[in-house]
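Student: I've got a structure open and I'd like to learn how to read its features. Can you walk me through it?

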Amino acid sequence: MLLEWIEVHNFRNLSGRVSWGNGLNIIYGDNGQGKTNWLEAIYTLATTKSFRTQKLQEAVRFGEDLGVIRGRVARSEEVHRDLQVTLQGNTKTISINGKREAVARYLRQLNTVAFTADELEVVRGGPDARRKFLDRGVVSLHHAYVQTLADYNRVIKQKNRLLQDAADSEMSLDEVERIISPWNEQLIGLSAEIHRGRTDYVERLKDVLERRLFEREDITIRYVSSLEGKGDLGDYEALVAERLKLRLQAELSAGYSLIGPHRDDLEILFDGRDIRAFGSSGQQRSALIILDLAAISVYYSWHNEYPLFLIDDVDAELDRKRIRYLLEYLEGRTQTFITTSKESLVEEFMGRSNVFRVSDGMSEEIGPEMDLIQSAAKGAESI
Amino acid sequence: MLEYAEPVTKLIDEFKRLPGVGNKSAQRLAFHVLRMPEADVERFIEALQEVKRRIIFCSVCNNLTDVDPCRFCSSTNRDRSMICIVEEPYNLVAIEKTRSYRGLYHVLHGSLSPIRGIGPDDLHLTNLLTRFRPENNDGVEVREVILATNPNTEGEATANYISRLIKPLGIRVTRIAMGMPVGSDLEYVDEVTMDKALANRHEI
Ligand SMILES: [Zn+2]
């Protein structure tokens with residue numbers, strides 16, 4: 001898929017339209033000029049969410065009521081779709097070709113993999129970030145998995161409340177089992193769906209992992225079920241059912257659910273050692289890039305098209321050698337968007353990329369001699 | 001000081017108690033009432049009072065009714081060997097519209113939801129088990145119970161809980177199917193529904 005152009009109105013400090021190139025797009029400018037805002041606009045157009053804030057309405061320019069991001073996506077040579085995210089007051093509306101659309105359908109139009117400071121939690125944070133990474137991947141292949149996750153979380157929430165209530169009351173263990181069984185019954189099926197989705201996805205990642213993308217670094221991954229060593233994972237449903245029965249008293253004492261894939265993790269080893277505990281900051285970033293690239297490959301082999309790849313503040317996150325490897329790897333694959341404040345990077349990739357200089361929220365495309373070819377902002381219309 | 005005179009404020013507050021009515025709507029409704037002719041207001045009050053005075057839960061199936069037992073439970077041409085369990089009276093209406101189900105109903109008035117403080121004792125279940133005795137069912141034995149609770153986690157838990165109660169009694173327990181809405185194009189069905197429909201496919 002290809003994002004042909006994006007047009008922004010009152011989103012952060014941005015305004016105007018930018019036509020993107022189909023390979024590498026370098027968004028270049030001094031800090032505070034709005035580089036990341038453009039990346040955020042692309043991300044928001046794709047996901048209807050921001051990678052910087054939970055409250056999207058905060059992204060509307062201060063003092064304005066209406067913020068709009070619009071963009072055209074080419075799904076093939078002949079199929080183009082106009083996507084729009086409109087933020088007004090506390091409401092967000094999304095549309096395809098000018099017609100309001102349900103989120104589920106909208107989200108399939110423009111897929112992104114984003115390497116951001118937040119995403120680094122995958123390699124240096126808790127298991128939650130890694131589970132989310134896997135779940136995003138599974139969703140990118142099977143959209144119905146969104147519902148599985150929602151149902152699972154809902155059942156866990158209901159069950160946790162039951163466990164707390166039961167602990168506060170004088171219920172016998174039999175009584176607790178009687179009222180908790182209808183929830184455990186659902187947990188078994190939903191856990192199995194999640195387990196299968198994630199393990200299958202990890203196998204796909206493994207198959208395409210560019211283990212030595214950054215020279216002598218070797219990365220291996222493995223899905224670690226919290227039920228490992230407790231029985232036959234091959235018959236997952238039976239194992240979960242057995243553990244739920246066996247651990248009811250323990251769950252009751254804890255006051256929350258102890259059994260299920262919400263306790264699982266993705267093990268990431270770098271040169272044989274746990275990346276989170278032993279990896280240097282540079283190795284952690286390499287590992288995440290390798291995982292993101294694997295996610296892109298898996299997506300490609302499933303859908304036969306590439307998602308967009310976004311990297312915010314590429315110099316802060318990766319050294320020049322890694323950037324070079326990465327950008328060369330991506331050539332001919334994804335439509336890539338990176339932000340940088342380093343002129344030397346721009347100069348190095350000038351001939352092989354589209355460079356956009358951002359100042360004061362406006363973006364203009366600059367050519368090989370760094371002179372102005374076209375002012376992208378001029379083509380902007382107010383909407 | 002209050003924004004409006006006391007009686008107006010009181011009325012706005014009452015409207016705000018209703019589900020789905022926010023501040024703005026409550027004000028609009030209150031001012032509408034102020035403009036209504038006296039007779040209309042009287043009729044409205046009467047309707048409110050009457051619904052409280054005359055509508056009761058059927059002692060057999062818990063459906064809303066003005067006669068006890070309700071018209072379903074006292075009917076002589078319904079199949080008394082089948083009971084369809086629904087969460088709310090409007091679910092019953094939806095099934096009844098099909099005109100193809102001729103059995104009886106049982107209304108739970110809710111579904112299990114610990115986070116909303118709703119447990120088995122809060123559902124109208126106690127009078128369900130007594131219905132299985134033929135002497136309480138015009139001498140007819142109940143052969144099948146259809147669980148038509150909502151297709152969400154709370155509805156599933158409720159269906160599961162009830163099936164555990166009933167199955168030991170040797171009564172057939174069925175759950176309504178989930179899948180494709182009829183008369184729609186495959187294209188327009190959301191993925192989750194399609195996924196369920198595929199999983200629940202059957203041989204033809
Ligand atoms: Zn009745």
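Here is the conversation that followed, one feature at a time.

Tutor: Happy to. Keep in mind that this is a predicted model.

Student: Let's begin with helix packing. How do I describe two helices that touch?

Tutor: Two packed helices are described by the angle between their axes and the distance between the axes.

Student: What is the handedness of the crossing of H1(B) and H2(B), left or right?

Tutor: That crossing is right-handed.

Student: And which residues in H1(B) and H2(B) meet?

Tutor: On the H1(B) side you'll find B:Val8, B:Leu11, B:Ile12, B:Phe15 and B:Lys16. They meet B:Asn23, B:Ala26, B:Gln27, B:Leu29, B:Ala30 and B:Val33 in H2(B). Sorted by class, the contact has eight nonpolar, two polar and one charged residues.

Student: Zooming out, which domains does chain B have?

Tutor: The domain assignment gives domain 1 (6-54) and domain 2 (64-175). The C-alpha centres of domain 1 and domain 2 of chain B lie 34 Å apart.

Student: Now sheets. What is the strand order in the open sheet of chain B?

Tutor: Read it across the sheet: the four strands go S4-S3-S5-S6, with parallel pairing. Strand S4 (103-107) and strand S6 (172-175) of chain B are at the edges with a single partner strand each, so one side of each has no neighbour in the sheet. From one strand to the next, the twist averages 25 degrees.

Student: How many bridges join S3 to S4 in chain B?

Tutor: Five bridges join strand S3 (residues 79-86) of chain B to S4(B). For a specific pair to click on, B:Cys84 has B:Tyr105 in S4(B) as its bridge partner.

Student: Which strands do helices H5 and H7 of chain B lie across?

Tutor: Helix H5 (residues 89-96) of chain B lies across S3 and S4, at about 125 degrees to S3(B). Helix H7 (residues 153-166) of chain B lies across S3, strand S5 (144-147) and S6, running at about 170 degrees to S5(B).

Student: What about the sheet in chain A: what is its order, and is the pairing parallel or antiparallel?

Tutor: There, six strands form an open sheet in the order S2-S1-S4-S5-S6-S7, and the pairing is antiparallel. Strand S2 (14-19) and strand S7 (99-100) of chain A are the edge strands, each pairing on one side only. Inside that order, seven bridges join S1(A) to strand S4 (residues 66-74) of chain A, and A:Ile6 has A:Gly71 as its bridge partner in S4(A). Helix H1 (residues 35-47) of chain A lies across S1, S2, S4 and strand S5 (80-88), at about 110 degrees to S1(A).

Student: Last one: how many residues does each chain bring to the contact?

Tutor: The contact takes 18 residues from chain A and 16 from chain B. On the chain A side, H5(A) gives the largest share, nine residues. By class, the chain A side divides into seven nonpolar, five polar and six charged residues.

Methods:
Residues are numbered from 1 along each chain as its sequence is written. Chains are lettered from A and ligands numbered from 1 in the order in which they are written. This is a predicted model: local features need pLDDT of at least 70, side-chain atom pairs count only at pLDDT 80 or more; totals for chains, interfaces and linings use all residues. A crossing is left-handed if the near helix is turned anticlockwise from the far one by less than a right angle, and right-handed if clockwise. Helices (H or I, at least four residues) and strands (E, at least two) are DSSP runs, numbered from the N terminus. Two residues are in contact if their C-beta atoms, placed from the backbone, lie within 7 Å. Ala, Val, Leu, Ile, Met, Phe, Trp, Tyr, Cys and Pro count as nonpolar, Asp, Glu, Lys and Arg as charged, and the others, Gly among them, as polar. Domain bounds come from an automatic or database domain assignment. Two strands pair if DSSP finds at least two bridges between them. Axes are lines fitted to C-alpha atoms, for helices over the stretch in contact, and angles run from 0 to 180 degrees between N-to-C directions.
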